[in-house]
Amino acid sequence: MIDLEVPKKFRPLVAQARGMAEEVFWPISRKYDRAEHEYPAELDLVSAVIDGMSDGGAGQGAGASSSTRAKDDGAEEGDVAAVGSGRSPKKGPKDNKNGSNLSSVLSILETCRGDVGLTLSIPRQGLGNAAIAAVANDEQKARYAGKWAAMAITEPDVGSDSGAIRTTAVKDGDEYVLNGEKIFVTSGERAELVVVWATLDRSLGKTAIKSFVVRRDNPGLQLVRLEHKLGIRASDTAAFVLDDCRVPAEDLLGDPEIKIEGGFGGAMQTFDNTRPLVASMALGLTRASLDKTTELLKEAGIEVDWDRPSNVQSAAAAKLIELEADYQSAYLLTLRAAWMADNGKPNSMEASMAKAKAGRTCVNVSLACVELAGATGYAETHLLEKWARDSKILDIFEGTQQIQLLVVARRLLGYSSKELK
């Protein structure tokens, strides 16, 4: 069973993340929305605080770099045992664990209540860090510790179908040579490492897909441009060309062998790790929109009575009740996916369910809140219009709404990706 109360040990972390959102992010949110591509220098202090909390043991799961690695009793050192892999130590029915996946979801929800773009820009808390935590062996984790990692999957001709990646990796002695193009890389310019997905053999399809950690200063990794975006403008989004980019063989994440059966699973475990995190980002923006709209309506004399049916209240109050119900359902799905990851339970379907529901809810709620607030919601007087612009990407990256529903359908019906496209 999931205890729906925030675990006692995480409450200081959640309170600190909430304070960061309100006292640090809100005051500078508009500034960096306007100053796209300018690095938010205030985040250096935020990063130092997170590092201090982690060193002191109080910041478990303070950002996306944290993860739980579930091992079974038969696992050997160096085996990949990623979150959501289903590996779990022997334990009794009461030995449920609230670990770093759940704490990450709870803390990211709070910081994204402040600003999603700024949260994505916190040094060393990138989605690439979560990928490393999910797939890297212990030696790699130690070697990459303290580094900021972005993640590069999408290509000009490859969006939602990660298995169709065309970037190649060819073994040459003790190195791999990578060639290809990557777009929409979050924090690509600012990060120190980029986790690049590439194929060892295009003819073998997704089973040959592997992920490689590439140093940002590698001369073969060439920055092409930074994107100008509708939302999350505080976060830089880069495009790269890999031109004979040489990467040491030791920087391949996971098993270097191509396995025809289940070979793509190691790379895809990354998503089991990161999709609940993206769902929590959407939840944070949704929570911010609801809170601000409730405040504005209250100032206008409209209050919600949560103990009365919505059909006997004002239309605005009834709408808020409907939006709050959507938020709560997305919140519970996300907690479930994170809890399953912490307890070594396969969570691929639940991670996709959480991401799909939270992403759609985020868009619907933020736009509805702009509408409820009227001209105030559309103006720059408050952050509602910005949150509406930021919301759409949360329904797109880490797998679009349509892809999430496809993953869920495959799991429910027992179909493979070949059988249900």
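**Strand pairing and burial in the predicted model**

Strand β6 (residues 221-226) pairs with β7 in the antiparallel sense over five bridges; strands, like helices, are DSSP runs numbered from the N terminus (strands E, at least two residues; helices H or I, at least four), and two strands pair if DSSP finds at least two bridges between them. Within this pairing, arginine 225 stands opposite alanine 239 in β7. Strand β7 (residues 237-248) is also joined to strand β3 (residues 175-186), by nine bridges, and these two run antiparallel. Here leucine 178 lies opposite cysteine 245 in β7.

The structure is a predicted model, in which local features need pLDDT of at least 70 and side-chain atom pairs count only at pLDDT 80 or more, whereas totals for chains, interfaces and linings use all residues. Residues are numbered from 1 along each chain as its sequence is written, and side-chain values use heavy atoms, with hydrogens and water left out. The mean pLDDT (the predictor's confidence in each residue, from 0 to 100) of the protein chain is 87, and 87% of its residues reach 70 or more. Over residues 59-92 the pLDDT is below 50, and this stretch has 97 contacts (heavy atoms within 4.5 Å) in the model beyond near neighbours in sequence.

Strand β4 (residues 193-199) is largely enclosed by the rest of the structure, because seven of its seven residues are buried. Buried denotes under 20% relative accessible area, exposed over 50%, and partly exposed the range in between (1.4 Å probe, protein chains only). Both faces of β4 are covered, with Leu193, Val195, Trp197 and Thr199 buried on one side and Val194, Val196 and Ala198 buried on the other. Strand β1 (residues 149-152) runs parallel to β4 and is joined to it by four bridges; methionine 151 stands opposite valine 195 in β4. With strand β5 (residues 209-215), β4 pairs in the antiparallel sense over seven bridges, and threonine 199 faces isoleucine 209 in β5.

Aspartate 251 is located in the loop between β7 and β8 (252-253). Aspartate 251 is buried, with a relative accessible area of 10%. Leaving aside neighbours within four places in sequence, the contacts of aspartate 251 are Gln140, Arg143, Tyr144, Ser211, Phe212 and Val213.

Tyrosine 415, by contrast, is partly exposed, with a relative accessible area of 43%, and is found in the segment after α12 (401-413).
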